[in-house]
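Work through the exercises below with the structure open. Try each task before reading its solution.

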Amino acid sequence: MTTQYSLTLRVLHWTTAGLVALQVILAIANIVLYEPRPVLAEALVQTHISFGAVVFLLTLARVGARFASPAPVKSPTPALNAAAQAVHVFLYLCLFALPITGYLKLAALGFTITLFGVVPLPALPLNVPLAQSANGLHDAVALVLGGLLALHVAAALFHRRLDGRSVLPHMALGLSGR
C-alpha cells in the first residue's frame, strides 16, 4: 500500500504550483504596468501566455500520470474522499480552461502570440465578441481557481483535525511518507 503519490506526480504538482504562482505575479505586474510601460506589459503578456501553455502541458502530463499510478491511502470518510476528488477534478478543469481562454481572448483580438519568442500560435480572425467572452471566462475561471486553491491548501493544512492524519507527506518532495 503506497503512502505517497509517485515522484512524477509530486514533481508535476509542485512545478505546477510554482508556475501558477508565477502566473498570478505576471498578471498583476501586467495590470500595474499596462499604462506606464506598455512595451514591458506586452512582454509580460507573452511570458504569461508562454507559461500558461506550459501549465496546460503539465496538466495533461499530470492527468496521464495520475491514471498510471496508484493514489496513497484514502481517508476513511467517503464524503471527504468525494469532496477531495471533486476539488481535484475542478482544479484540473481550471488548469485546462485558463490557457485556452487566455489564448482565445488575445488571438481573437488579432494579437500575435509566440510562445517563449519561438513557437508561433495560430492566428485567429478578428472576433471581438469571442475575445470579450473569452476574457470574461478567463477572469471567472481564474477566480474559481483561486478559491479552489485556497480550499485545497486549507484542506491539506487542517486534514489532521478532520480525520487525525496528515496528508502533507503524500505530496512532499524528499519525504519517505512513513
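**Exercise 1. A residue and its contacts**

Leaving aside neighbours within four places in sequence, which residues is Leu 91 in contact with?

Solution. The model is predicted. Start at Leu 91 and set aside its neighbours within four places in sequence. The contacts that remain are Leu 145, Leu 148, Leu 149 and His 152. Leu 91 belongs to the largest nonpolar core, which has 15 residues. Leu 91, Cys 94, Leu 95, Leu 145 and Leu 148 have the most contacts inside this core. Two or more residues come from each of α1, α2, α3 and α4. Of these elements, α3 gives the most, with 5 residues. Finally, look for a second core. A separate one has 8 residues, including Val 45, Ala 53, Ala 107 and Ile 113.

**Exercise 2. The fold in outline**

List the elements of the chain in order from the N terminus, then describe its burial, contacts and surface.

Solution. Count the elements: there are 5 helices and 2 strands. Now order them from the N terminus: α-α-α-β-β-α-α. Turn to burial: of the 178 residues, 33% count as buried. Then take the contacts with a separation of 6 or more: residues 24 or more positions apart account for 73% of them. Last, the surface. The chain exposes about 10700 Å², and carbon and sulfur atoms supply 74% of that area.

**Exercise 3. The largest pocket**

Describe the largest pocket by volume, by the residues closest to its centre, and by the make-up of its lining.

Solution. Rolling a probe the size of a water molecule over the atoms shows where empty space is left. The largest pocket holds about 1400 Å³ of space. Its lining has 44 residues, and Tyr 5, Ala 84, His 88, Leu 91 and His 152 are the closest to its centre. Next, assign the lining to elements. At least two residues each come from α1 (7–33), α2 (38–68), α3 (78–107), α4 (128–163) and α5 (168–171). Helix α3 gives the most, with 13 residues. Sort the lining by class: 31 nonpolar, 9 polar and 4 charged.

**Exercise 4. The second largest pocket**

Repeat the analysis for the second largest pocket.

Solution. Begin with the volume, about 1200 Å³. Then take the lining of 43 residues: Ala 27, His 48, Gly 102, Lys 105 and His 138 lie nearest the centre. Helices α1, α2, α3 and α4 each supply at least two lining residues. By class, the lining divides into 31 nonpolar, 9 polar and 3 charged residues.

**Exercise 5. Two residues compared with the cut-offs**

Is Gln 46 buried or exposed? How does His 88 count at its relative accessibility?

Solution. Take Gln 46 in helix α2. Its relative accessible area is 17%, so Gln 46 is buried; the cut-off for buried is under 20%. Check what Gln 46 touches beyond four places in sequence: Thr 112, Ile 113 and Thr 114.

Now take His 88 in helix α3. Its relative accessibility is 30%, so His 88 counts as partly exposed. That class lies between the buried cut-off and the exposed one, which is over 50%. Finish with a distance. His 88 and Leu 149 are 61 residues apart in sequence, and their C-alpha atoms are 9.6 Å apart in space.

Technical notes
Residues numbered from 1 in each chain as written. Predicted model: local features only at pLDDT ≥ 70, side-chain atom pairs only at ≥ 80, totals over all residues. Heavy atoms only, no water. Helix = DSSP H or I, 4+ residues; strand = E, 2+ residues; numbered from the N terminus. Buried < 20%, exposed > 50% of the residue type's maximum accessible area, 1.4 Å probe, protein only. Contact = heavy atoms within 4.5 Å. Areas by Shrake-Rupley, 256 points an atom, 1.4 Å probe, with all protein chains shown as cover. 1 Å grid on protein atoms, 1.4 Å probe; cavity = no way out; pocket = protein on both sides within 12 Å on 5 of 7 lines; lining within 4 Å. Points joined across faces, edges and corners; volume = space filled by probe spheres on them. Nonpolar A, V, L, I, M, F, W, Y, C, P; charged D, E, K, R; others polar. Core = buried A, V, L, I, M, F, W, Y, C linked by side-chain atoms within 4.5 Å.
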